[in-house]
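This report describes one protein chain for a reader who is new to structural description. Please look at the sequence and the model before reading on.

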Amino acid sequence: MKVWMFVYNNCRHDARVLKEAKTLAEAGHDVRIIAVLDKDTELYEERDGFRILRVDISIAETRPAAAEDRPPSRGRLRRLRAKISSFFALLHYYRRAWKIVNSEPGDIYHCHDLDTLLLGYRAKRRHGGKLVYDAHELTTELAYISRLERMGWRVLEQLLIRRADEVITTGTYRAEYLAKKYRVAAPTVILNCPPLSAAQARNRALREKLGLTDDTVPVILYQGGFIPGRGLDNLVLAAAHLDRGVMVLMGWGPLETELRGMVKKQGLGGRVYFTEPVAPDRVVYYCMSATVGVVIVLRTSLNNYYATPNKLYEYIHAGLPVVSSDFPALKEVVEGYGLGCTFDPEEPESIAAAINRVLADDQRYDTMRKNALEAAKIFNWETEAKKLLEIYRRLRRRTDDRTA
């Protein structure tokens with residue numbers, strides 16, 4: 001079956017989209033992704049049996065993949081201009097993506113997030129086929145959107161979610177929210193887990209990258225975007241309250257300069273380090289050189305509150321004990337599987353206390369590591385891929401029945 005996927009980012013590092021596309025291609029589907037062209041990508045790319053076609057939206061930069069919060073603009077006029085620019089950029093994406101799909105219709109239109117759902121629905125109405133809504137985020141519950149935007153997205157989701165043949169989301173709490181909000185069947189939950197890999201020994205990749213020569217010093221790792229809504233300022237301040245260890249922030253984003261300035265102002269230069277992100281297929285490898293993994297997010301929105309970021313499962317696959325915000329979806333995994341401790345993300349002392357508890361007892365630490373490796377047998381892409389393939393089997397059966 002020919003599958004058109006729509007995603008409003010450059011699809012270079014969107015692990016969920018890339019894993020789904022690869023899984024479907026390996027199952028024999030003709031998968032094509034329409035993404036956004038930017039300075040870091042090319043118009044056309046082939047990888048892992050599928051194709052990526054990128055369209056030039058010209059007037060605006062690509063929206064960061066899976067970014068929950070964006071930095072605020074200063075000044076009412078500047079914010080208005082940014083909103084207008086974003087609106088027209090999305091229109092450009094719609095127009096150019098539609099031109100491609102309209103000339104070569106598909107059997108299934110797989111829409112990643114709400115901002116591409118209208119495009120998929122239009123293709124279904126014009127050409128037939130099936131519609132899949134893959135809600136990576138609760139778009140109507142994002143912190144950074146205005147009240148007017150929230151109302152508009154809510155109306156759109158209300159209208160189109162019932163017209164999708166299958167709905168997918170990233171966690172149980174988000175699935176329950178969508179089912180209750182729109183009175184639909186609970187979406188299928190497909191977690192953002194990495195694939196299982198062959199057993200590997202722990203390494204010194206991060207230490208070598210940062211020039212850390214003392215292997216007895218614990219490395220507390222946060223990896224991900226340096227963006228608002230994560231509480232990274234509190235994480236930096238928590239370094240001052242650690243009994244031992246250094247804090248490493250691996251990633252990039254608009255807050256990096258501010259965070260580096262905070263480190264200097266607080267005199268934490270020997271306790272907090274920054275390093276650039278690595279390719280998605282190298283994340284777990286680098287995590288394996290850390291001692292503790294941190295998942296921190298603030299309760300700036302319901303979307304954040306129900307989040308289970310990729311990094312949670314990447315730490316698990318690396319065999320790392322985890323400390324996380326004490327939100328329900330995270331708590332169920334971190335405490336429910338004996339992986340570590342939770343904290344109040346608003347309090348640097350609470351963050352540090354959770355890390356100190358994990359590191360305080362070597363025997364308990366080893367137990368947490370073993371629990372993480374056992375949890376990886378549950379939380380992995382091989383398990384989640386079966387759910388995706390079952391969805392596509394159902395869609396194929398419905399298509400075959402209709403044809404017959």
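Two strands are said to pair if DSSP finds at least two bridges between them. Helices (H or I, at least four residues) and strands (E, at least two) are DSSP runs, numbered from the N terminus. Strands of a sheet pair through backbone hydrogen bonds, either parallel or antiparallel.

The model is predicted, so local features need a pLDDT of at least 70 and side-chain atom pairs count only at pLDDT 80 or more, while totals for chains, interfaces and linings use all residues. Residues are numbered from 1 along each chain as its sequence is written, and side-chain values use heavy atoms, with hydrogens and water left out.

## Confidence

The pLDDT is the predictor's confidence in each residue, from 0 to 100. Its average over the chain is 93, and 94% of the residues score at least 70. Over residues 60-73, however, the pLDDT is below 50. Beyond near neighbours in sequence, this stretch has 43 contacts in the model, where contact means heavy atoms within 4.5 Å. Where pLDDT is low, the predicted coordinates should not be read in detail.

Strand E3 (residues 44-47) runs antiparallel to E4, and four bridges join them. Tyr 44 has Leu 53 as its bridge partner in E4. E3 and E4 form a hairpin with two residues between them, and Asp 48 in the turn has a positive phi of about 50 degrees. On the other hand, strand E2 (residues 30-37) pairs with strand E4 (residues 50-56) in the parallel sense over six bridges; here Val 36 stands opposite Val 55. Strand E1 (residues 2-6) and strand E5 (residues 108-112) are also paired in the parallel sense, over four bridges, with Val 3 opposite Ile 108.

Is Val 132 buried or exposed? Val 132 is found in strand E6 (residues 130-135) and counts as buried because its relative accessibility is 0%. Buried means under 20% relative accessible area, exposed over 50%, and partly exposed in between (1.4 Å probe, protein chains only). Leaving aside neighbours within four places in sequence, the contacts of Val 132 include Ile 108, Tyr 109, Ile 168, Tyr 392 and Leu 395. Val 132 and Asn 234 are 102 residues apart in sequence and 38 Å apart in space, C-alpha to C-alpha.

## The sheet of six strands

Another open sheet consists of six strands in the order E11-E10-E9-E12-E13-E14, with parallel pairing. Its edge strands, E11 (272-275) and E14 (340-343), each pair on one side only. Neighbouring strands of this sheet are turned by 25 degrees against each other on average, direction ignored. Axes are lines fitted to C-alpha atoms, for helices over the stretch in contact, and angles run from 0 to 180 degrees between N-to-C directions.

| Strand pair | Bridges | Sense |
|---|---|---|
| E9 (residues 219-225) and E12 | two bridges | parallel |
| E12 and E13 (residues 322-325) | three bridges | parallel |
| E10 (residues 246-252) and E11 | four bridges | parallel |

In strand E12 (residues 292-295), Val 292 and Val 294 point one way and Gly 293 and Val 295 the other way, and all are buried. Val 292 is the bridge partner of Ile 220, whereas Val 295 stands opposite Ser 324 in E13. Met 247 has Val 272 in E11 as its bridge partner. Helix H8 (residues 256-265) lies across E10 and E11, at about 155 degrees to E11.

A nonpolar core is a set of buried Ala, Val, Leu, Ile, Met, Phe, Trp, Tyr and Cys residues joined through side-chain atoms within 4.5 Å. The largest has 73 residues, and Phe 6, Tyr 93, Leu 312 and Ile 316 have the most contacts inside it. Helix H2 (residues 76-103) gives the largest share of this core, seven residues. Apart from this core lies another, of 32 residues, among them Leu 235 and Val 263.

Helix H13 (residues 348-360) has 13 residues and reaches 18 Å from its first C-alpha to its last. This is close to the expected 18 Å, the expected span being 1.5 Å times one less than the number of residues. The buried residues of H13 include Ile 351, Ile 355 and Leu 359.
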